[in-house]
Amino acid sequence: MKKQKIKFLIIYDLFLLFIFFFTISNTQSFAALFDNTPELVSVLNSAFEEIEGWLLSLATPAAAVAVGVGVFMKKFSFGDEERIRIAKKLIRGSLFSYGFILAINLILSAIKSLIS
């Protein structure tokens, strides 16, 4: 019951966030009221880009190693059902996490468009 409630709340929050982004995109942002880009916005943009670069440079090899370990664990399980299950879970989890890290670029682009 709790898992269903948490899943519903996550989907509901994402839906509201989606609607919020589309309603805000049609209006003028606060930063557009200034003649030039404020220094704080420039600092935030550069910080977001630097964090994104670090995350991608660390996540790519980590995801490759995790998928490789999962594949080898599955290959050399010799029919052990528990190891096969753990290997599948490892591969699925690492690919999902890497996909989420790649989606950070979209999230940061949305934040940048809102503040600039």
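**Exercise 1. What volume does the largest pocket have?**

Before we start, note that this is a predicted model, where local features need pLDDT of at least 70, side-chain atom pairs count only at pLDDT 80 or more, and totals for chains, interfaces and linings use all residues. Residues are numbered from 1 along each chain as its sequence is written, and side-chain values use heavy atoms, leaving out hydrogens and water.

*Solution.* 
- Step 1: take a 1 Å grid over the protein atoms alone; a pocket is an open set of points with protein on both sides within 12 Å along at least five of seven lines.
- Step 2: join grid points across faces, edges and corners, and fill the space with probe spheres set on the points.
- Step 3: the volume of the largest pocket comes out at about 270 Å³.

**Exercise 2. Find which residues and helices line the largest pocket.**

*Solution.* 
- Step 1: lining residues have an atom within 4 Å of a point. There are 10 of them, and L14, L17, F100, A103 and I107 lie nearest the pocket's centre.
- Step 2: assign helices as DSSP runs (H or I, at least four residues), numbered from the N terminus. The chain has three helices and zero strands.
- Step 3: α1 and α3 (81-115) each supply at least two lining residues, with α3 giving the most, seven.

**Exercise 3. Describe the nonpolar surface patch that includes I6.**

*Solution.* 
- Step 1: keep residues with over 30% relative accessible area and no salt bridge, joining nonpolar side chains (Val, Leu, Ile, Met, Phe, Trp, Tyr) within 5 Å. A salt bridge puts a side-chain nitrogen of Lys or Arg within 4 Å of a carboxyl oxygen of Asp or Glu.
- Step 2: I6, I10, L14 and L17 make up the patch, together exposing about 380 Å² of accessible area (Shrake-Rupley method, 1.4 Å probe, only the protein chains shown counting as cover for residues).

How values were computed. Patches are made of residues with over 30% relative accessible area and no salt bridge: like charges are joined within 9 Å, nonpolar side chains (Val, Leu, Ile, Met, Phe, Trp, Tyr) within 5 Å. On a 1 Å grid over the protein atoms alone, a cavity is a set of points where a 1.4 Å probe fits but cannot get out, and a pocket is an open set with protein on both sides within 12 Å along at least five of seven lines; lining residues have an atom within 4 Å of a point.
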